[in-house]
Amino acid sequence: MLKVAAEKILAHPEAATRAQLVEADMTNFDLGRRFSLVMITARSFQHVVTPKEQRTTLSCVRRHMAAGDHLVLDLFDPSFEVLFGQSAKAPPTRTAHDPKSGQRIRRSRVSIEVDPMRQTVRETLLFEAIDERGDVVATENTSWTLRWSLRQEIAYLLELTGFEVVGEFSDFSRSPPAYAREQLWIARAV
Ligand SMILES: C[S@@+](CC[C@H](N)C(=O)[O-])C[C@H]1O[C@@H](n2cnc3c(N)ncnc32)[C@H](O)[C@@H]1O
């Protein structure tokens with residue numbers, strides 16, 4: 001991901017003077033400075049799969065902020081139908097166009113393992129590169145484990161780690177909180 005980001009920055013020279021990429025563990029880092037805005041986007045926080053590490057991550061972020069600075073945190077709101085129930089069937093495959101190769105990239109879920117005790121879901125995904133003739137020319141399997149959290153858990157976690165919630169939405173259009181959509185949190189360091 002950092003390599004992709006570095007390439008994108010090259011395409012925006014005005015950003016190059018301001019952007020600094022650092023490879024580090026979000027559960028334990030020290031960048032030696034403070035930030036008025038911290039964003040943990042695209043559900044990245046859910047890659048932190050233990051309560052202890054969730055707490056150290058947010059405490060670490062808090063140490064890089066002054067009172068009044070803001071944190072934006074994005075997670076999916078767990079759908080119990082998807083995790084445990086009726087619609088535990090595979091989600092639709094997703095395809096995207098790869099501008100570099102011109103190929104279509106198809107993503108499909110191979111398996112899902114839900115651990116209610118650890119509040120984790122492990123997905124194994126298949127990525128296929130499809131050429132203009134429709135032939136699969138490359139495949140790659142990958143998997144990730146994500147931790148799901150209920151809304152109140154995140155509210156308590158933010159409070160516990162030195163934040164107050166100033167906004168809570170279910171999408172990026174500021175829609176009110178809703179079940180099984182996004183959990184988009186805006187928090188202020190106190
Ligand atoms: C869903 S991707 C989002 C990437 C990027 N933030 C974006 O918006 O496109 C989650 C990223 O978090 C990274 N990640 C997972 N655990 C991490 C950790 N403990 N510290 C830092 N990064 C981590 C993964 O490698 C992956 O690149």
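T93 counts as partly exposed, at 45% relative accessibility. Here buried means under 20% relative accessible area, exposed over 50%, and partly exposed in between, with a 1.4 Å probe and protein chains only. T93 sits in the loop between α4 (80-84) and β3 (94-97). Helices (H or I, at least four residues) and strands (E, at least two) are DSSP runs, numbered from the N terminus. Leaving out residues up to four places away in sequence, T93 touches R106, R107 and S108. Contact means heavy atoms within 4.5 Å. T93 and S108 are 15 residues apart in sequence, yet their C-alpha atoms are 4.5 Å apart in space.

The model is a predicted one: local features need pLDDT of at least 70, side-chain atom pairs count only at pLDDT 80 or more, and totals for chains, interfaces and linings use all residues. Residues are numbered from 1 along each chain as its sequence is written, and side-chain values use heavy atoms, with hydrogens and water left out.

Now step back to the whole chain. Its secondary structure comes to five helices and eight strands. Along the sequence they follow the pattern α-α-β-α-β-α-β-β-β-β-α-β-β. The C-alpha trace spans about 55 × 50 × 30 Å along its principal axes. Of the 190 residues, 33% are buried. Among contacts with a separation of 6 or more, 58% are between residues 24 or more positions apart. The chain exposes about 11,800 Å², and carbon and sulfur atoms supply 55% of that area. Accessible areas come from the Shrake-Rupley method with a 1.4 Å probe; for residues, only the protein chains shown count as cover.

Helix α5 comes next. It runs over residues 151-160, and its buried residues are R151, I154, A155, L157 and L158. Seen down the axis of α5, these buried residues fall within an arc of 165 degrees, so they line one face of the helix. The arc is that of the directions from the helix axis to the C-beta atoms. An α-helix has 3.6 residues a turn, so residues three or four places apart point the same way. The face of α5 turned away from the buried side carries the exposed residues Y156, E159 and L160. What covers the buried residues of α5? The cover includes α3 (51-63), β2 (70-76), β7 (163-169) and β8 (182-189). After α5 comes G162, with a positive phi near 95 degrees.

Strand β8 holds Q183. Q183 is buried, with a relative accessible area of 0%. Beyond four places in sequence, Q183 touches L73, D74, L75, F76, D77, P78, S149, L150, R151, I154 and F169. R151 and I154 are among the buried residues of α5. The side chain of Q183 also makes a polar contact with the side chain of W185, at 3.0 Å. A polar contact is a pair of N or O atoms within 3.5 Å; within protein, one must be able to donate a hydrogen and the other to accept it, and residues adjacent in sequence count only if both atoms are side-chain atoms.

Another glutamine, Q119, lies in the loop between β4 (104-115) and β5 (120-130). Is Q119 buried or exposed? At 18% relative accessibility, Q119 counts as buried. Its side chain makes a polar contact with the side chain of E153, at 3.1 Å. Leaving aside neighbours within four places in sequence, Q119 is in contact with L146, R147, W148, S149 and E153.

Turn to the ligand. Which residues surround the ligand? They are M1, A24, D25, M26, T41, A42, S44 and H47. A residue is near a molecule or strand if one of its heavy atoms lies within 4 Å of it. This shell divides into four nonpolar residues, three polar and one charged. Ala, Val, Leu, Ile, Met, Phe, Trp, Tyr, Cys and Pro count as nonpolar, Asp, Glu, Lys and Arg as charged, and the others, Gly among them, as polar. A ligand nitrogen is 2.9 Å from an N or O atom in the side chain of D25. A ligand oxygen is 2.9 Å from an N or O atom in the side chain of T41. A polar side-chain atom of S44 lies 3.4 Å from a nitrogen atom of the ligand. The protein covers 55% of the 590 Å² of accessible area that the ligand has on its own.

A42 counts as exposed, at 58% relative accessibility. Its phi is positive, near 50 degrees. R43 is found in the loop between β1 and α3, and its phi is positive too, near 60 degrees. R43 counts as partly exposed, at 33% relative accessibility. Most residues other than glycine have a negative phi.
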